[in-house]
Amino acid sequence: MHIAEGFLPPAHAVAWGVASAPFVVHGVRSLTREVREHPESTLLLGASGAFTFVLSALKLPSVTGSCSHPTGTGLGALLFRPPIMAVLGTITLLFQALLLAHGGLTTLGANVFSMAVVGPWAGYGVYRLLRRFDLPLMVTVFAAAFVADLSTYCVTSVQLALAFPDPGSGFLGALGKFGSIFAVTQIPLAVSEGLLTVLVMRLLVQSSKGELTRLGVLVAGRETGANAEAVAR
């Protein structure tokens, strides 16, 4: 997903940076308030950021000027809401650009918009929608991580198609080409990320039930056989 350094035209790079900035600024305020009011959450915040960093660093070659990889943003979005995930995602993308040559500084705004803004909001929206139907928590966690991943690549396809429309079929033709190429690797990666996120959430339910309850991810527990079923907000 990371669009490579210098790949976007300057006007596009600036525009995506401007579009991302309000979300990041709002996220910084939310993160500051969370840490100030609940300093005990710093460990889980760090774990969410590390999860995103590690997963999104596992890149596979894909469309010229980009790549395919998991995003890891769904977990942080469910735990701390999308605004805070925008900050964690931005930090992740900045460090990857500087230390791993993964993405770039000129394309940081575009990568932030797709992975740290749209992905978390899309995943969180699906999570909240499915919870209205009283589905099991882990089903909604899988769906949220899956959608957060795929929506990121849909936005990246749009960004590339806007920057490089097809000479014959224009924006829509380019969008179809970029999207179909991404889909070959990204759909299996999204499924894998969903399953991994479910595994991590199960571990958190067992080890950090009090913190998840405070965050609102768990609001009640009821026995189902020998196990307590987590009921999300």
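This is a predicted model: local features need pLDDT of at least 70, side-chain atom pairs count only at pLDDT 80 or more; totals for chains, interfaces and linings use all residues.
Local features need pLDDT of at least 70 and side-chain atom pairs 80 or more, while totals for chains, interfaces and linings use all residues. Residues are numbered from 1 along each chain as its sequence is written, and side-chain values use heavy atoms, without hydrogens and water.

Trainee: How many helices and strands are there in the protein chain?
Mentor: Helices (H or I, at least four residues) and strands (E, at least two) are DSSP runs, numbered from the N terminus. Along the sequence the pattern is α-α-β-β-α-α-α-α-α-α-β-β. The count is eight helices and four strands.

Trainee: What is the radius of gyration of the protein chain?
Mentor: The radius is taken over C-alpha atoms, and the globule rule is 2.2 Å times the number of residues to the power 0.38. For 233 residues the rule gives 17 Å, and the chain comes close to this, so it is as compact as a globular protein of that length; its radius of gyration is 18 Å.

Trainee: Is Glu-193 buried or exposed?
Mentor: Glu-193 sits in helix H7 (residues 170-207). Buried means under 20% relative accessible area, exposed over 50%, partly exposed in between (1.4 Å probe, protein chains only). By that scale, Glu-193 is buried.

Trainee: Which backbone nitrogen does the side chain of Glu-193 reach?
Mentor: Leaving aside neighbours within four places in sequence, Glu-193 has contacts (heavy atoms within 4.5 Å) that include Pro-70, Thr-71 and Gly-72. At 2.9 Å, its side chain reaches the backbone nitrogen of Thr-71.

Technical notes
Lys and Arg count as positive and Asp and Glu as negative; His and the chain ends are not counted. A salt bridge is a side-chain nitrogen of Lys or Arg within 4 Å of a carboxyl oxygen of Asp or Glu. A polar contact is a pair of N or O atoms within 3.5 Å; within protein, one must be able to donate a hydrogen and the other to accept it, and residues adjacent in sequence count only if both atoms are side-chain atoms.
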